[in-house]
Amino acid sequence: MTAPERLPFAFARDEQVVLDGRAVLLGPGFTQTGLREAQRRAGPDARLSIESDEGFDAALARVYQSRDDTETDDGPVFDLEGAAASGPRDLLEDVEEAPVIRLVNMLLLRAVQAGASDLHVEPVEGGLRVRQRIDGFLQPVMLRSDVPVKRIVSRLKVMAGLDIAETRLPQDGRIPLTLGGRTIDTRVSSLPGHYGERIVLRILDRSSGLRPLDQLGLSPAQIALLERLSAMPNGIILATGPTGAGKTTTLYSLLQLADRDERNIVTVEDPIEYDLPGISQSQINAEIGMTFAAGLRATLRQDPDVILVGEIRDGETAGVAAQAALTGHLVFSSLHANGAAGAVVRLRDLGVQDFLIAATLRGVIAQRLLRRLCLDCRRPRQPSDDEAAAFRRHRLEVPPAVFDAVGCKACNGSGYSGRVGVFEMIEVGDALRAAIERGANESELTAQALDARETLAGQGLGEAAAGRTTVAEVLRVVGDVA
């Protein structure tokens, strides 16, 4: 006997009834209309079960998030009817909508379900190319010449609240979405190009929550150091690394450590990526003069104890942050630098004087994300001579085996599944403070503050020795600087 046809998602959600095979799951607010329709589809032997609010939401997500009916028919008549309604849209409400809308929703749905951090929609000479970034790598999703590129781009711009008539200037917006009850925030950027407007969407799953420190890849000693830094009464603590290295996640985790009832915590961010209960969060808007520096100055009049500045981008923000630290505030921020000691050099470049850096800087965290090996298909082998030499340079014992990425069905052929963080941490003590004040360069600061095994490269090779990543991945991401 074939399984009964599933109820439309919007109907199931609104009428509080889910048809799971021949079981009818009812929420606390179910309606007679929903119950009758579910019983009609399930047949006379339907089994009824009344769930709690949490149980019904879990059942709704389980039944509908696994759906596989998201393909778009080839060669349809595309239309933009039913454009984005006000408020968050649910990606599962796309069954009856126009094909171009179904195509856009399908792309968004696949990206969210695959755990992609970015979705690229790129008009090319031959049509439309779509790629998604998973674990730091772009993967192809679609390349088609038979889709209406302009209408797809217009659909995304409408959803993001952008001006569809303006195609000559870059624009930025956001699309609030839900997926079976999960809140998904999508930042949208459009950029005019040779073949049309290019759209890039940054996808943030707000419902995934913040990870505790022990799930970020930190060692117990590093966690203890971060706990000590977050308890300091004043100073600057910086997270450094390239875009996408997880700096914001680390800073938010530090805020959680510092979040105490007796502390007033204020943030100035661009954008606000997670809602933090009990913390005052402010959004940057440079178009009206609400820059990081202006926001930071304003927060100083809010009687703060702890301030998070999303990023130090210019000398003005760096100077205000240093003054805030001098006046008894604890400041967290991110900075673009290659390593922990490189943060000192970057602050100098921004115009902060050595004595001020020495007086205010308390700690620096440099981090990278390495792709984690798929445990189902990784293949061990003996280290090559070059790999063994790399381990020795970082004073690490050469492991009996290292692993290669092979690729299988479980990891979609990439050989990797997920990512693991490596962290290089410096606590500014008396000796390092004196070195900063006398103008020591980056190499001198690194040699004084870090053992070779504590550098990003050293810790990355340690992950390779433990079988969690490959030597090639370590060299690609952090290099081999002893």
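In the predicted model, Arg131 is in contact with Asp118, Leu119, His120, Glu122, Leu138, Gln139, Pro140, Val141 and Arg198, when neighbours within four places in sequence are left aside. Arg131 belongs to strand β6, which covers residues 127–134. One of these contacts, that with Glu122, includes a polar contact between the two side chains at 2.8 Å. The loop between β6 and β7 (137–144) holds Asp135. Asp135 is not a glycine, yet its phi is positive, at about 55°.

A positive phi of about 55° is also found at Asp303, again a residue other than glycine. Asp303 is placed in the loop between α8 (292–299) and β14 (306–309). With a relative accessibility of 63%, Asp303 counts as exposed.

The domain assignment divides the protein chain into domain 1 (9–65), domain 2 (97–205) and domain 3 (213–478). The centres of domain 1 and domain 3, taken over C-alpha atoms, are separated by 46 Å.

In soluble globular proteins, nonpolar side chains tend to be buried together. The largest nonpolar core in the model comprises 51 residues. Ile236, Leu238, Leu361, Ile436 and Leu445 have the most contacts inside this core. Helix α9 (residues 315–326) contributes the most to the core, namely six residues. For Leu238, the contacts beyond four places in sequence are with Ile312, Ser333, Leu335, Ala343, Leu347, Leu361, Gly363, Val364 and Ile365. Another core, of 34 residues, lies apart from the largest one and includes Leu107, Val147, Leu179 and Ile203.

A search of the whole structure for aromatic pairs returned zero. Rings do take part in contacts with a charged side chain, as Arg371 shows. The charged end of Arg371 sits over the ring of Phe137, at 4.0 Å from the ring centre. Arg371 also lies over the face of Tyr416, where the distance to the ring centre is 3.9 Å.

Tyr416 is in turn joined to Thr470 by a polar contact of 3.0 Å between their side chains. Thr470 is located in the loop between α15 (456–465) and α16 (471–478). The relative accessible area of Thr470 is 4%, and this residue is therefore classed as buried. The side chain of Thr470 also reaches the backbone nitrogen of Glu473, at 3.0 Å. Not counting residues up to four places away in sequence, Thr470 touches Leu373, Phe403, Asp404, Ala405, Tyr416 and Ala464.

Glu387 is placed in helix α12 (residues 385–393). Glu387 has a relative accessible area of 12% and so counts as buried, since the limit for this class is under 20%. Glu387 and Val471 are 84 residues apart along the chain, and their C-alpha atoms are separated by 7.3 Å. The side chain of Glu387 reaches the backbone nitrogen of Ser384 at 2.9 Å.

Key:
Residues are numbered from 1 along each chain as its sequence is written. This is a predicted model: local features need pLDDT of at least 70, side-chain atom pairs count only at pLDDT 80 or more; totals for chains, interfaces and linings use all residues. Side-chain values use heavy atoms; hydrogens and water are left out. Domain bounds come from an automatic or database domain assignment. Rings of Phe, Tyr and Trp (its six-membered ring) pair if their centres lie within 6.5 Å; planes under 30 degrees apart count as stacked, over 60 as edge-to-face and the rest as tilted. A charge sits over a ring if NZ of Lys or CZ of Arg is within 6 Å of the ring centre and within 35 degrees of the ring normal. A nonpolar core is a set of buried Ala, Val, Leu, Ile, Met, Phe, Trp, Tyr and Cys residues joined through side-chain atoms within 4.5 Å. Buried means under 20% relative accessible area, exposed over 50%, partly exposed in between (1.4 Å probe, protein chains only). Helices (H or I, at least four residues) and strands (E, at least two) are DSSP runs, numbered from the N terminus. Contact means heavy atoms within 4.5 Å. A polar contact is a pair of N or O atoms within 3.5 Å; within protein, one must be able to donate a hydrogen and the other to accept it, and residues adjacent in sequence count only if both atoms are side-chain atoms.
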